[in-house]
Amino acid sequence: MVKGNNTGLPNHHQAENEKVKETHPASLDSREPHLVFDNFDIDVVIKVLFATILSPFFVIFLPITFLSQTHSTHPAFIISCLWTCLICLVAVWNHIDRVYRSGGTWLFAPEKLRWDEQIVLITGGGSGIGALLAETLAMRNVPVVVLTKDPPKFETENENIYTYICDVSNYKSVEAVAEKVREEVGDPTIIVNNAGVVKGKLLLDLTEEDIVDTFGSNTLAHFWILKAFLPSLLRRNHGHIVTMSSVMGVVGAAQMTDYCASKAALISLNQSLRFELDNRYKTPNIRTTLLLPSFIQSTALFSKTVLPTSKLFNFFCPPLQSHQVVKLIIDNLDSRESAIIRLPFYTNLARIINDCVGVVPSWMRDLIQRVAGADHAMVEYGPRPDAAQRLAMERESKRKEE
């Protein structure tokens, strides 16, 4: 186990700050001017809409406003009444769903999570989202157990972070480390299954080891962690399980067959686990959250991903950053609600364009795929030449021979 001490910022943050000061001494005291609309995207528009014209607390005043200016038979007043009724009905529908998921009451939300009573376990916490989540929670004086296959890239000095070297794709390794965690820290009350790998190879370029590693880290690890730590949650009838899947588990893409399949399995795992907790174990107070994010460009996992860079694409498909995911995870844990989190907003489109639903015609689905550049996003990964390039060269060679 690698242990830290609580002395403030981690070493790597201090080193990065010192490096910035050395190479750009004025960078901390000045800011380059930038356009306000640089951060303007569809998600901002959606937030504004849900705070105004789609908010029941806003639209309820529309009929009153129109009535004060017109008469009760005016089309504007009638339309505003119909719109207000529709928005309020949707709000009530969502409220019922939220109450059902969270186990709250009609008027009161469930009690906020008591962080001082929690122990959080995070797999894949040596870097990326897992590391950022661990540091953020540790700053709140929450004990955080980090399971990582390789030693952390940066040493932390926070005493609330307990790091264990463990290959979570191996059941025996998980069993062994689970005993240590229980003895040295305690039984985790929150499990964040975050570990994952991506190969970025065409199917014919994937080796047996690649496929085993992908499903071991991305899928089987979730089973091993749950088998080791779920019993303590069941005994308490309290806890939260966060499953990190991906929008790629809903819609596929070229050069990601193993990744997409491994993430798709987690969607079924989360749903089936929810049914087991509610109907067989009779433990509805154990919450489950499924995350379906798009490419997270600020992590090393997708650092070489190639996506369109046009302003129009970035407006409708804004890049996703680690801190956005971490904030939503913490907010969800704090609210003690079972949920499915899709982000950014455009990932909701995956709900209707996947083959299982089949609402969108094939030509439109393929057009969306082409515009998004999904089938060429992983061109920087894999061998050179890859299977497709080798086939093209073989065809060209045969053509010349003929």
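# Exercises on helix packing and buried residues

Thr 219 touches Thr 214, Ser 262, Ala 265 and Leu 266, when residues up to four places away in sequence are not counted. The model used throughout these exercises is a predicted one.

**Exercise 1.** Find where Thr 219 is placed, and decide whether Thr 219 is buried or exposed.

*Solution.* Begin with the secondary structure, where the place of Thr 219 is in helix H8. Next take the relative accessibility of Thr 219, which is 6%. The cut-off for a buried residue is under 20% relative accessible area, so Thr 219 counts as buried.

**Exercise 2.** Describe how helix H8 and helix H9 are placed relative to each other, and name the residues through which H8 and H9 meet.

*Solution.* Two packed helices are described by the angle between their axes and the distance between the axes. Here helix H8 covers residues 208-236 and helix H9 covers residues 257-279, and their axes come within 8 Å and cross at roughly 20 degrees. Angles under 35 degrees count as roughly parallel, and H8 and H9 are therefore roughly parallel to each other. The crossing of H8 and H9 is right-handed.

Now turn to the residues themselves. On the H8 side, those that meet H9 include Thr 214, Phe 215, Asn 218, Thr 219 and His 222, while the residues of H9 that they meet include Asp 258, Tyr 259, Ser 262, Ala 265 and Leu 266. Sorted by class, the contact of H8 with H9 has 12 nonpolar, 5 polar and 2 charged residues.

**Exercise 3.** Work out the distance and angle between the axes of helix H7 and H8, and state which classes of residue make up the contact of H7 with H8.

*Solution.* Helix H7 spans residues 171-184, and the axes of H7 and H8 come within 9 Å and cross at roughly 35 degrees. The crossing of H7 and H8 is right-handed. From H7 the contact draws on Tyr 171, Val 174, Ala 178, Val 181 and Arg 182, and from H8 on Trp 224, Ile 225, Lys 227, Ala 228 and Phe 229. Taken by class, the contact of H7 with H8 has 8 nonpolar, no polar and 2 charged residues.

**Exercise 4.** Determine at what angle helix H6 and helix H11 pack, and how the residues of their contact divide by class.

*Solution.* Helix H6 (residues 128-138) and helix H11 (residues 322-335) pack at an angle of about 50 degrees, and their axes are 9 Å apart. That angle makes H6 oblique to H11, and the crossing of H6 and H11 is right-handed. The residues making the contact include Ile 129, Leu 132 and Leu 133 of H6, and Val 325, Val 326 and Ile 329 of H11. In the contact of H6 with H11, 8 residues are nonpolar, 3 are polar and none is charged.

**Exercise 5.** Locate Lys 199, and say which side chain is joined to that of Lys 199 by a polar contact of 2.6 Å.

*Solution.* The place of Lys 199 is in the loop between strand S5 (190-193) and H8. With a relative accessible area of 19%, Lys 199 is buried. The polar contact of 2.6 Å joins the side chain of Lys 199 to that of Asp 213. Beyond four places away in sequence, the residues that Lys 199 touches include Asp 213, Thr 214, Asp 258 and Tyr 381.

Terms used:
Residues numbered from 1 in each chain as written. Predicted model: local features only at pLDDT ≥ 70, side-chain atom pairs only at ≥ 80, totals over all residues. Heavy atoms only, no water. Axes fitted to C-alpha atoms, helices over the stretch in contact; angles between N-to-C directions. Helix = DSSP H or I, 4+ residues; strand = E, 2+ residues; numbered from the N terminus. Parallel < 35°, antiparallel > 145°, perpendicular 65-115°, else oblique. Left-handed = near helix turned anticlockwise from the far one by under 90°. Contact = heavy atoms within 4.5 Å. Nonpolar A, V, L, I, M, F, W, Y, C, P; charged D, E, K, R; others polar. Buried < 20%, exposed > 50% of the residue type's maximum accessible area, 1.4 Å probe, protein only. Polar contact = N/O pair within 3.5 Å; in protein donor to acceptor, adjacent residues only side chain to side chain.
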